[in-house]
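Keep the viewer open as you read.

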Amino acid sequence: MALTQQRKQELISGYQVHETDTGSADVQVAMLTDRINKLSKHLQANKKDHSSRRGLLKMIGQRKRLLAYIQKNSRDKYQALIARLGIRG
């Protein structure tokens with residue numbers, strides 16, 4: 001379920017805040033969202049994979065905390081990010 005190096009570079013270049021940014025909250029949320037989507041598809045096909053389900057729930061919790069941090073610091077940035085990722089309804 002890990003991201004390939006090429007996909008990771010695409011996400012970083014698409015969501016980075018400045019030229020050398022590789023780990024800002026925006027980039028982390030984008031990478032977590034990509035991993036969550038892949039793992040969700042895996043779990044639809046493999047319903048009894050409980051250890052992966054636990055990992056999915058941990059990733060969702062981490063993304064939730066990062067989104068709360070972004071929302072606390074900049075409401076406009078938060079709205080733009082969730083609209084761009086297509087999450088939250």
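Start with α4, where the buried residues are Y78, L81, I82 and L85. Around the helix axis they span an arc of only 90°, so they sit on the same side of α4. Turn to the other side of α4 and you'll find D76, A83 and R84 exposed. Bear in mind that this is a predicted model.

What do the buried residues of α4 pack against? Their partners are α1 (5–15), α2 (25–45) and α3.

Let's zoom in on the α3 partner. Helix α3 runs over residues 50–73 and helix α4 over residues 75–85, and the two pack at an angle of about 135° with their axes 5 Å apart. Angles over 145 degrees would count as roughly antiparallel and 65 to 115 as roughly perpendicular, so α3 and α4 come out as oblique to each other. On the α3 side, the contact is made by L67, I70, Q71 and N73, while α4 brings in R75, K77, Y78, L81 and I82. Sort the residues of this contact by type and you get 5 nonpolar, 2 polar and 2 charged. Y78, L81 and I82 turn up here, and they are also among the buried residues of α4.

Staying with α3, take a look at S52, which lies in that helix. Its relative accessibility is 18%, and the cut-off for buried is under 20%, so S52 counts as buried. Leaving aside residues up to four places away in sequence, S52 touches L39, H42 and L43.

One last stop is the residue just after α4: G86 takes a positive phi of about 75°.

Terms used
Residues numbered from 1 in each chain as written. Predicted model: local features only at pLDDT ≥ 70, side-chain atom pairs only at ≥ 80, totals over all residues. Heavy atoms only, no water. Axes fitted to C-alpha atoms, helices over the stretch in contact; angles between N-to-C directions. Helix = DSSP H or I, 4+ residues; strand = E, 2+ residues; numbered from the N terminus. Parallel < 35°, antiparallel > 145°, perpendicular 65-115°, else oblique. Contact = heavy atoms within 4.5 Å. Nonpolar A, V, L, I, M, F, W, Y, C, P; charged D, E, K, R; others polar. Buried < 20%, exposed > 50% of the residue type's maximum accessible area, 1.4 Å probe, protein only. Arc of directions from axis to C-beta.
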